[in-house]
There are 4 protein chains.
Amino acid sequence: MTQQSSLGVAVIGTGRMGADHVRRINEVTSGAHVAAVVDLDTDRAEAVAAEVGGCAAFADPAEALAAPGVDAVLVASPGPAHEAALLTAFAHDLPVLCEKPLTPDTAAALRLLEAEQRLGHRRVQVGFMRRYDREYVRLKALLDSGDLGRPLMLHNRHRNPENPPGFTSAMAINDSVAHEMDITRWLLGQEVTAVTVLRPRPSGNAPEGLADPQLVVLETDGGALSDVEIYLNARYGYQVQAEAVCEHGTARIGDGHDLLVTAAGRWGGTVTPGYLERFEDAYDREVQAWVDATRRGEVTGPGIWDGYAVAAICEAAVRSQTEGGRVEVHLVDRPAFYGA
Amino acid sequence: MTQQSSLGVAVIGTGRMGADHVRRINEVTSGAHVAAVVDLDTDRAEAVAAEVGGCAAFADPAEALAAPGVDAVLVASPGPAHEAALLTAFAHDLPVLCEKPLTPDTAAALRLLEAEQRLGHRRVQVGFMRRYDREYVRLKALLDSGDLGRPLMLHNRHRNPENPPGFTSAMAINDSVAHEMDITRWLLGQEVTAVTVLRPRPSGNAPEGLADPQLVVLETDGGALSDVEIYLNARYGYQVQAEAVCEHGTARIGDGHDLLVTAAGRWGGTVTPGYLERFEDAYDREVQAWVDATRRGEVTGPGIWDGYAVAAICEAAVRSQTEGGRVEVHLVDRPAFYGA
Amino acid sequence: MTQQSSLGVAVIGTGRMGADHVRRINEVTSGAHVAAVVDLDTDRAEAVAAEVGGCAAFADPAEALAAPGVDAVLVASPGPAHEAALLTAFAHDLPVLCEKPLTPDTAAALRLLEAEQRLGHRRVQVGFMRRYDREYVRLKALLDSGDLGRPLMLHNRHRNPENPPGFTSAMAINDSVAHEMDITRWLLGQEVTAVTVLRPRPSGNAPEGLADPQLVVLETDGGALSDVEIYLNARYGYQVQAEAVCEHGTARIGDGHDLLVTAAGRWGGTVTPGYLERFEDAYDREVQAWVDATRRGEVTGPGIWDGYAVAAICEAAVRSQTEGGRVEVHLVDRPAFYGA
Amino acid sequence: MTQQSSLGVAVIGTGRMGADHVRRINEVTSGAHVAAVVDLDTDRAEAVAAEVGGCAAFADPAEALAAPGVDAVLVASPGPAHEAALLTAFAHDLPVLCEKPLTPDTAAALRLLEAEQRLGHRRVQVGFMRRYDREYVRLKALLDSGDLGRPLMLHNRHRNPENPPGFTSAMAINDSVAHEMDITRWLLGQEVTAVTVLRPRPSGNAPEGLADPQLVVLETDGGALSDVEIYLNARYGYQVQAEAVCEHGTARIGDGHDLLVTAAGRWGGTVTPGYLERFEDAYDREVQAWVDATRRGEVTGPGIWDGYAVAAICEAAVRSQTEGGRVEVHLVDRPAFYGA
C-alpha cells in the first residue's frame, strides 16, 4: 500500500468519549490518524496507543503537543482541564476540537475568548455535535428557508435511561440541557436572555435529592420561547426530540422518523429524490467494508455466486415478461468454493 | 502532515456511479485513495483525475491495473465490460469491487465463476449495496434472530420518479428488480426457484411500449413468496420498501422511519439505548468536518463564543434551579472577531 | 318520555354477528329498534329478546316477517339460510340488510338476482361493511377525485390472530378474501376478470392441512392488479391494510394512522380543519352518554364542580397573562356532594 | 313505523354549536329527539324547528322548559346566559347538558354549585367533551392503569387555523386553554394550584394586540406540571395533541395516529384484536345508513349484484387454489336494473 498525507491528531483524554474519538479517527474519518494519545492514567493511554499502533502515549498534554507528527488536537479530558489544554494548543498554534463543556464556568470561558483573540485567528471548534446531526441540520435548513415563517417556540425533549453515577441537579443543566441551550441559539440564530427552571415532584426512578425531571424555559432576544424537558431517569432509552413552532407551520425531529412538517393542511415528510440519496449511506458503508476487508486480506460481502444467481433469475423473469406465465429458475450446483 | 499507509484503488468507469465512487473514496472512506481512473472517454478520465490530484488517468484498464500504487480495483464501467475487467484483475490477482450487474448474462457469469475458482481464492465483491443499508441490515438481523418465526412472504416496493432514457421493459427487470432478487436471497438465505411477471395496464406516465409498473413474484426453495412492485415512473420520488411477513409478526422498512415491527399485539420500533448510538452519525460528521476544515486551513462550526454563551446560560439556569424564578442572562458584547 | 316513529327491525340469526347487530340497533342506531328476533335456537332467541325488552322471539323467519311492527329485516343467519330468508322478505316486500356472503354459490345468487328484478325494485343491501369504514371511504374519495391519476395496483393485507375453528383453505377465500374482492371492485369501479391463488409453505401456526398464508392476485377489466395477502394465523392481532398505487402517487390505509398519501415528493396526511371535525366523535359520544345516563335516571361526566374549578384557573391565568409571573389558584373546599 | 319511547330534549341556543347538537340528536343519537328549540333570534329558532319537524320554537327558555314533551335540556347559548338557564332547569328539576364554559366567572359558578346542592341531587353535566374523545379516553385508561408509573408532566398543543373574530388574549385562555385545564385535572385526577402564562413575541399571523401564541404552565397539587401551547393562528388546521411523561414511559395522542406509547425500549401502538373492534365504526355507519335510506324509502349501498359478483370470484379463486394457475372469472351481463 502506498503512503498518503494525513492529519496527525493528538487526543487528550482517553475516557469513554476520548476512546470513541480515537476509534473514529482511525476507522471512520478520511484523511486523519491518531498521532498521540494523552491521559494522566498512563496505563490507559498506553493501552489505547497499543491498540491503534504507531502512536505515542503521553501523560502530559504539553509534551504530546510538542511531539513530531502532531498537526491538531482533540480535547476530550474532563471540563476543568480544558482551559490549560487549549492554552497549550494556542502556544503551538494548533487547531483544536474541544469537547463540551468548553469550560465549567464563564470566567474561564472569557479568558479563552481573550486568548484566542490574542492569537489573531480562530483555532477552536467546540464539540456541540448536535449541529452535525442530520435531523437538526434539516430542521435548521427548513427554519432558515423561511418557508414556515418566523420560529415562535421550540419544544425540546431530552430523555436518558438513567442518570450517570454521582449526577447532581446542576449537572442535569450543565451537562445535559447545555445541548439544548446551544441548539436553541443555533437553530434560531438568537441569544438567550432569560431562563426559568421548574421542578415538578421528582420521579420515583430518581435517586433521593436529584431534581428529575425538570422543565427549563429559555427566552431569546428574538422574542422566542424554548422549553426543555430534561428527564434523566426515563428508563426506556435515550430520546432527543425537538419541535419548532413557526408562524405558518410546525416541524419535528427525533421521533423515529424523518423531519416531520405540518403546514398548509398536511403533516408529513419528504421522499428522497433518487437512489444515490436514498442509499448514500449504504454505498459509503459498502466501500468502507470492502476497503477494510481488503486491507485485512479478506473478501466479504456478496460475490460472483450471487452475481450469477441474480443473472439467472433475471433471465427467467424476462422470459416470463415476454412469454407470460411462471418460469422456473435452474442454477448450476453451488461450488463448495463459495460456501454453503 | 504525515504520511500513512493507504489502499490505492483504480476506478474503472467514470460515469455517474464511477465518479461518485471516486469522490467517496477520496472524501469519505478511511484508509483508501484513488490511485488511477480509467475511462474510454479519456477527457472525462483526465478531468476526474485532475480533480482528485496525484492520480493517473488511463483509457485501458490493463494498463491501469499494471500501474504502480494500484492495490485494488473498483469496476463501475457498463455491464458488458465487466468480464474483461475482472479477468484482467484476476491476472494481477487484485481484489475487486464490481458494480452490479456482475455480467449481462449467465454465460459470462459462469465463466467468471470458473475463473475465480481457478485463481484459488475469492477476489470479487459484487456491488449489491442494499446489503449494507442500515434498514436492510436491521431487518436481516431480526429475521435471523428467529424472534418472529420463519419468514413466509416478502412484499417489496421499488419506485423511481422516472425511467432513465432508453429504458426497456427488460431493463426494469435486469437493472431494477435485480436488487430485490438479491435482497430476497440474502434476507431469506434461500435461492429463487421460479418467477412470474405480471403486467397491468401501463401507467400514462410511462413512454409508449414500456411495461410499467410490473409485479414480479419470486418463489424460493424454502417455500417463501417474494412479490416485487417495480414502478419506474411514479413521479413522486425514489422509494424502496420491504415488508417481511413471518409466522408470528411482520417487519417493515423504507417508510420514512426506522424498522417497524408488528408482533404480540403491538406495532412500533425501538428507542436508541444511549447518546453514542443516537448521535453516532453526528459525531462522525463532526470530526470529519473538523478534519476537512483543518486540512483546508479553516475553522468552521461552533467556537469559543458559543462555549462561553452556553456557560453563561447554565450559570443562570442553576441559579433559577436553586433559588426559583426567572433569571436573566447577561453576555459580554460579542467581539467582531467572532462574526455577527 | 314521549313517543317517536321508529323503524322496527326483525333480526334473523342471533349468533355473534346477529347479537351484535341487535345491541347496535338498540343502543347506537338513531331511528330504529329491534321489533323481532329469529333463531332456530329458540332459547337463544328468547334470551336476546328478553334483554332487549318489548320484542318478540321467533323460530321461523316467515312468522317473524309477518308480525306487526316489523318494517325491515336484517339477515345474520348462516349463509345457506340467506336465500330462503330473502325470498320471504321479498314476499312481504320488506327492505333487507343481508350479511355477507349473500349466498354460498353463484347459482343461488343468480336466483336472487332474478327474484329481486321480478319484485320490480331493489330491496337488498349486502353487508360489505368495509364500504362504510372511514378509512376506505377516504381512500375511495381520493381515488375518485383523480388527484393521483388512474389506479394501477392495489396491495391488500388481511391478517387475523387465528383461524376460526373448522376453517378450511376455501373458507379463507370465501369468508375472508371475499371482503377484498368486493373492496377491489368498489374502490376501482371495475369488475374482476381473473384470479390466481399462490400458496407458500404454510406457517407453523396453521393447523395441518390449512393453506395459510395465501397470496391472491386479482385482475380487473380496467387492467389493474389487486394482490391480497390473507394470513389467518398471524397471532399478533387483526390487521387490514390497503395501498393503492396510482399513476402519480400512492395512498395507504390501515396502518394505525389516517390515510397516508405519497405524492409530489412528500408523504403524509391531512390535518383536520376545525374542532367540529376533530371532535365530531367526542361530541357524538358525549351526547349519547348524557342521553343514556338521563334515561337511566343518572348523572355522569363532568359537573358543576369541574366548571367551577376551570373558571377559577382561568381567572388566575388571565391575571398572570396581564400582570406577569406565577399566580396561585385557590378553590373553595370541594363539597362532599360532588364526591372525592 | 311504530312508536318508541324517546327523550325529548329542549336545545337552548341555535348558533353554530346549538344547531350542530340539534342535528346530532335527531340524526345520530339513539333514544332522543329534539322537542323544543330556543333562541332570542326567533327567526333562527323557527328555521331550525322547521328543519327538524314536529318541534316547537321558543324565544324564552322558561316557556320552553315548561312545554309538554320536554324531558331534558341542552344549553348551548352564550356563557353569560348559562346561569339563568340552569336555574330555570333546576326549577323544573330537568337534567341538563351545559356547554362550556359553565359560567364566565367563579362567582356565578359558586352560585350554581350552591343551587344544585339545594336541589339535593346532581342534574348538570358540563360540556367538556374531550373526556369523550377516544384518544383521551385511551390515554386516561393508560395513566390510570399505572403501567407507566406516576405522571410527571403533560405537554399539550392546541392549534387553530385562525382566531374567531373579536377574540382577545383573555378569550384564548377562557375559551381555548379551558379545555386543557379540565383535561389536565381529569387525566391526572389532581387540582391545579398555580398557573403562569408566558407570551413570546406574537406571530405575524395574529391581529395587532392579540397575544398569540402563548405558553401556559399549570402546577397541580400532585406535584405535576402541565404546559399548554395555545396558538390560535397556526393557519394549517386544527390540531390538539397531548403527551404524558410518566415515570417509566411516555404516551402521546393527537398525532394523526393512535395512542403512541414509548416504554421499555420501544415506541408504538396496539393492533386491534379482532374485526368487531377494527370495524366497529363501519358496522355502526352501515346500519345507520341502511336505516336512514330505508326510512327515506331508498336502497343504497352494495346490492345483490355485488353479492353475486363476489360469489363468482370466490368460485374461481377456490378453483385456482385447488388446481393451481390462473382462472378466469365470467359474469352474466349486468342487468340495467342494477345500474351501470
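## Polar contacts between chains C and B

A polar contact here is a pair of N or O atoms within 3.5 Å; within protein, one of the two must be able to donate a hydrogen and the other to accept it, and neighbours in sequence count only through side-chain atoms on both sides. With that in hand, we can turn to this predicted model. Across the interface of chain C and chain B there are 22 residue pairs in polar contact, both residues being at pLDDT 80 or more. On the side of chain C that touches chain B, the elements giving two or more residues are strands S7 (151–159), S9 (214–220), S10 (225–231), S11 (239–246), S12 (249–253) and S13 (260–263) of chain C. Sorted by class, that side of chain C holds 17 nonpolar, 16 polar and ten charged residues.

## Area buried between chains C and B

Chain C brings 43 residues into contact with 43 residues of chain B. Together the two chains bury about 3,300 Å², and carbon and sulfur atoms give 56% of that area.

## Where chain A meets chain B

Now for the pairing of chains A and B. Here 144 residues of chain A are in contact with 145 residues of chain B. The buried area between chain A and chain B comes to about 13,200 Å², with 63% of it on carbon and sulfur atoms.

Between chain A and chain B, 14 salt bridges are counted, and Glu135(A) meets Arg278(B) in a salt bridge of 3.5 Å, N to O. The interface of chain A and chain B also has 49 residue pairs in polar contact. Helix H10 (residues 304–323) of chain A provides 17 residues, the largest share of the side of chain A that touches chain B. By class, that side of chain A has 71 nonpolar, 39 polar and 34 charged residues.

Strand S8 (residues 192–198) of chain A pairs with strand S15 (residues 326–328) of chain B, running antiparallel over three bridges. To locate this pairing, look for Ala194(A), whose bridge partner in S15(B) is Glu328(B).

## Domains of chain A

Chain A is divided into domain 1 (7–127), domain 2 (131–270) and domain 3 (279–338). The C-alpha centres of domain 1 and domain 3 of chain A are 45 Å apart.

Methods. Residues are numbered from 1 along each chain as its sequence is written. Chains are lettered from A and ligands numbered from 1 in the order in which they are written. This is a predicted model: local features need pLDDT of at least 70, side-chain atom pairs count only at pLDDT 80 or more; totals for chains, interfaces and linings use all residues. Side-chain values use heavy atoms; hydrogens and water are left out. Domain bounds come from an automatic or database domain assignment. Contact means heavy atoms within 4.5 Å. Buried area is the accessible area (1.4 Å probe) that two parts lose on being put together, summed over both. A salt bridge is a side-chain nitrogen of Lys or Arg within 4 Å of a carboxyl oxygen of Asp or Glu. Helices (H or I, at least four residues) and strands (E, at least two) are DSSP runs, numbered from the N terminus. Ala, Val, Leu, Ile, Met, Phe, Trp, Tyr, Cys and Pro count as nonpolar, Asp, Glu, Lys and Arg as charged, and the others, Gly among them, as polar. Two strands pair if DSSP finds at least two bridges between them.
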